[in-house]
Amino acid sequence: VNPSNTWPQQPKIQTAEARAKANLRVAGLSNTTTTSTTTPNALVLDPKLDLHSPEVRFCRFLGAPEQRKRHLAVTNLQQYLKKRSDIESTTGISEMDLLKLWKGLWFTLYLADKVPVQEELAKRLAKLIWCVAGTEEEDEYAAQMYLDFLTQQDEDVIMENVVDTVENGDDDEEEYNEENGVNSDEEEKEEDSVGNDEHQEGEQRLQDQEQEDEIPDELVQHCRGAHLAALFVKTFFRTIQREWGKMDKHRIDKFYTLVRLVLREIFSYMAARHWNRGIVFLFNDVLRDEVLFQIPNGLRCHLIDITMEELATVNMKAPMSLTEATFLDCLDPYFALAQNSDDSMVQGRVMDNIFAKFLDEYSVVSENEETEKVMDQVHVGTIAKFLFELGSDLDTQERYRKSLYDMHKKYLKRLKKVGKDVELDVGDSPENSTEAAEEDGIVEDVLVEDAKPKTRKRKASEDSIESNDASTDEPTPAAESKQSNKTKH
């Protein structure tokens, strides 16, 4: 028995595990603790009440000096969120409600002591995302709506570009008429201007009326579903980003743990919905907007460092394994960082801890002994081809092209060295067979190109040796004349 693990006041606690369980019991986080008999009436939350109502003061409960009071509030919060976000509920949950909630939860973890208590509390906070999750049918509908929204956004951008082009063409025509002295009909211009003014006044009145009736986005109530789960994650990262500068070195580790566990739950949500593109894009946009393209670098660098490990951990237990297509969808924000990061250090971290780590530790061509975490359905050749396309994309910054091309070559060299990859269902279509032949040709070209300097040197040395041998074997003209003189005598 290690004496450092024993408590004088508790002689029965003689191991580190028993001590950790005792800490959880004292903190009110033990699974055996029942809340029905020990919960004070002050902590019983009515789901019909608003989060900002005087009766429900979450920040007081979650930031209370007594740890059991704080942790009981977290336990009751699970049922409250489920009832409040239910479709049949008359009130939903808004973004402002979640921001207030995460402020109190941040203080709850900030005040937590002892490693077992911190880890258990971080797990419970991360799993709160499932309290606002919808069914598979509801999430599938939300995913399709989000994909339609993204498509509509792209179409609006195209139309804006077309309108700008047309307007610029009209301006050029007017300048040409003025330069050449061509006078347009002034009466038609006046009539058009009067009609346009009346139309603009009508539109302005309609816009003013809509703005008066419109509810701010942060106050819109939401029911359960993937959209609310993404909003839950968004408010979490916004709170962590806002409070990041207030954390000291003694408390940073438990918030690193919380970020890791939240990211794991995000990937678990994607896996539970079979890596649906709408769900993946919904969470990816949150990561991109709230963390990966925000400063300071501490939070986004930590996220970059743990992404591949957490993705591989979730994929190991996922009902549907990742393929090269879903793999690329999940890492879409990191590809954007590799193209257009505002900090070269962050871009280098993406290259090392995302692309290189996948190749060296989690791909089928890696030398990782933990075969359970290897993504055995992800085609490495497709990832290599995508890296080449990323490097040659017009939107990629010039200073990042070389690193992307070098990573592409590294992938191809590893494929050639190992001599295996995930088998693709090429089929009988000529397009697929052509693409496969092109990939093989690219591998050969890269390897031959790297071997060219050595071949030239060896060939040059062989040519010099042959020329020396020829010079020693073939007689010179002077030697031939001497030899003929000797034969005459």
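Student: What share of the 489 residues in the protein is buried?
Tutor: This is a predicted model. A residue counts as buried when its relative accessible area is under 20%. Of the 489 residues in the protein, the buried ones make up 38%.

Student: Which residues touch the most other members of the largest nonpolar core?
Tutor: The largest nonpolar core has 110 residues. Its largest share, 12 residues, comes from helix α10, which spans residues 252-272. The members that touch the most others are F283, F327, F355 and Y411.

Student: Which residues is F327 in contact with, leaving aside neighbours within four places in sequence?
Tutor: Contact requires heavy atoms within 4.5 Å. With those sequence neighbours left aside, the partners of F327 are M308, L311, L322, F358, M375, V378 and I383.

Student: Why does A64 count as buried?
Tutor: A64 sits in the loop between α3 (58-62) and α4 (67-84). The cut-off for buried is under 20% relative accessible area. A64 counts as buried because its relative accessibility is 5%.

Student: How far apart in space are A64 and L111, C-alpha to C-alpha?
Tutor: Beyond its neighbours within four places in sequence, A64 is in contact with K69, R70 and L111. A64 and L111 are 47 residues apart in sequence. In space, their C-alpha to C-alpha distance is 9.1 Å.

Note on methods
Residues are numbered from 1 along each chain as its sequence is written. This is a predicted model: local features need pLDDT of at least 70, side-chain atom pairs count only at pLDDT 80 or more; totals for chains, interfaces and linings use all residues. Side-chain values use heavy atoms; hydrogens and water are left out. Helices (H or I, at least four residues) and strands (E, at least two) are DSSP runs, numbered from the N terminus. Buried means under 20% relative accessible area, exposed over 50%, partly exposed in between (1.4 Å probe, protein chains only). A nonpolar core is a set of buried Ala, Val, Leu, Ile, Met, Phe, Trp, Tyr and Cys residues joined through side-chain atoms within 4.5 Å.
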